[in-house]
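The following exercises are to be worked with the sequence and the coordinates at hand. Each task is followed by a solution in steps.

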Amino acid sequence: MAAERSLPNLWHASAPAAPETQSLAGDITVDVAVIGGGFTGLSAALHLAEKGVKVAVAEAKMIGFGGSGRNVGLVNAGMWTKPDDLIATLGAEAGKRLLTELGDGPSVVYDLVAKHQIQCEAVRNGTLHMAVGTEGLAELRDREAQWKKFGAPVEVLSAEHAKALTGAEGFAGALLDRRAGTIQPLAYARGLARAALAAGAEIYTETPLLAAERKGDVWKLTMPGGSITAKSVILATNAYGKLIERTPWSAHTEELTILPFFQFATQPLSDNVARSILPERQGCWDTGLVMTSFRMDQQNRMIFGSIGRLDAVAKGTHRAYVKRSLRKLFPMIGDVRLEYWWDGRIGMTTNNLPQMHVMAPNVFSISGYNGRGIAPGTVFGRALADHVTGEPNALPLAETPLTPDPWRGIKSAFYRAGAQAKHLIDHRF
């Protein structure tokens, strides 16, 4: 797996400071140990601490280092998979429950933001799934019909209406999902951490898990500066589960195809230009084969993303593609400067749904959000907190056996190469 590089990430530049944390120094005993300081792990820690459970989070790097600090920031409802396909995969009862819980996921996020006064640029005016051509519009109409069977407030908009809400040229329409919205993702993660600490959780950063040993009915987890002994362990590392070599319980990464996703952020746009682009500040992504996303932040920066990794070979191609795309979609922007750029990993599963595993006795993992990390991560973190404290039927997803995907490396390489090739030629003519 490719090493992480330090890139100029807008979220790091604009988020409120992280709460003060330190690496673990010494040996501690808690009821529950959480491995990973992203949306899932921090949500679990917060909800456990609010129950009065003694919980400690061990994060190998810093709060929100992985996908939580590289996210687009779209707080979407449900999964990327269409409702009918989800039910066909999980069955009627389990599928409807997961659709209900994740359909309500944005409400869970925004309720936490309000309750804990998290400063994360939270806007809840919906998201817009933009239609590329007639095929894309047909796909959105199908999604609309399927979600409306569950009473979801979704609506397909005409090309004219979509242009009025976005300022973007060339889309055939859009699907507006009023349940959803946007946040500054790293600011949200840091806010969850601050709330968890206030509730009594312990959070240790720069504290990678090196070894795990079963001692009777508890686990002893070894870190560089000490150990955590706990009865239960929540593994919340997702696509960054192999960030540390030879760390225990990383087998779940063998069933994830890594889809790299990059973002560029412009300089702040002038007020007159910014007023004509996403005036209600919805977040957007499209139906294109190589998906793109775009949104604005509170400083009037346009944030534009797509599939690909900003390595030395591909960075120039992707940067040029972003500049061409912005001129094509938003002619009023002009030739703006790109001030920030960063990338991250999306963990894709073979059925495009998260997977819940019992990695060892009392060691629980959920991974594979397939590009929907914010709301599902928050919901599953809460559900894991309920599960490890003995609440029956807390998890809206059944345990499944680990099923490594032998083609994951080839698929990931194909996505990277295919996206780079497409970005090399898109919008040139």
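Helices (H or I, at least four residues) and strands (E, at least two) are DSSP runs, numbered from the N terminus. This is a predicted model, in which local features need pLDDT of at least 70 and side-chain atom pairs count only at pLDDT 80 or more, while totals for chains, interfaces and linings use all residues. Residues are numbered from 1 along each chain as its sequence is written, and side-chain values use heavy atoms, with hydrogens and water left out.

**Exercise 1. Gly126**

Task: Locate Gly126 and determine what it contacts beyond its sequence neighbours.

Solution. 
1. Gly126 belongs to the loop between helix H5 (105-115) and strand S4 (127-131).
2. Its relative accessibility is 1%, and therefore Gly126 counts as buried.
3. Contact means heavy atoms within 4.5 Å. With neighbours within four places in sequence set aside, Gly126 is in contact with Leu176, Asp177, Arg178, Ala180, Gly181, Gln282 and Gly283.
4. For Gly126 and Gly181, which are 55 residues apart along the chain, the C-alpha atoms are separated by 4.6 Å.

**Exercise 2. The eight-stranded sheet**

Task: Give the strand order of the open sheet, describe the pairing around S15, and identify the helices that lie on these strands.

Solution. 
1. Two strands pair if DSSP finds at least two bridges between them. The eight strands follow the order S5-S6-S4-S13-S14-S15-S12-S16, with mixed pairing.
2. Strand S5 (154-157) and strand S16 (338-348) are the edges, each pairing on one side only.
3. Axes are lines fitted to C-alpha atoms, for helices over the stretch in contact, and angles run from 0 to 180 degrees between N-to-C directions. With direction ignored, neighbouring strands of this sheet are turned by 20° against each other on average.
4. Helix H10 (residues 315-329) packs on the sheet and touches strand S12 (257-266), S14, strand S15 (302-307) and S16; the direction of H10 makes about 125° with that of S15.
5. Helix H12 (residues 408-425) lies across S12 and S15, at about 30° to S12.
6. S15 pairs with S12 in the antiparallel sense over five bridges, and Phe262 stands opposite Ser306 in S15.
7. S14 and S15 are also antiparallel, over five bridges; Ser293 has Gly305 in S15 as its bridge partner.
8. S14 and S15 form a hairpin with five residues between them, and Asn300 in the turn has a positive phi of about 65°.
9. Six of the six residues of S15 are buried.

**Exercise 3. Strand S11**

Task: State which strands pair with strand S11 (residues 226-235), and in what sense.

Solution. 
1. Strand S1 (residues 26-35) pairs with S11 in the parallel sense over nine bridges, with Ile28 opposite Ile228.
2. Strand S10 (residues 218-223) pairs with S11 in the antiparallel sense over five bridges. A hairpin through two residues joins S10 to S11, and Met223 stands opposite Gly226.
3. Strand S18 (residues 363-367) runs parallel to S11 and is joined to it by three bridges; Ile234 stands opposite Phe364.
4. Nine of the 10 residues of S11 are buried, so S11 is largely enclosed by the rest of the structure.

**Exercise 4. Trp11 and Trp342**

Task: Classify the aromatic pair of Trp11 and Trp342.

Solution. 
1. Rings of Phe, Tyr and Trp (its six-membered ring) pair if their centres lie within 6.5 Å; planes under 30 degrees apart count as stacked, over 60 as edge-to-face and the rest as tilted. By this rule there are 11 aromatic pairs.
2. Trp11 and Trp342 lie 5.6 Å centre to centre with 70° between the planes, and the pair is edge-to-face.
3. Trp11 lies in helix H1 (residues 10-14) and Trp342 in strand S16, so the pair ties together parts 331 residues apart in sequence.
4. Both Trp11 and Trp342 are buried.

Note on methods
Buried means under 20% relative accessible area, exposed over 50%, partly exposed in between (1.4 Å probe, protein chains only).
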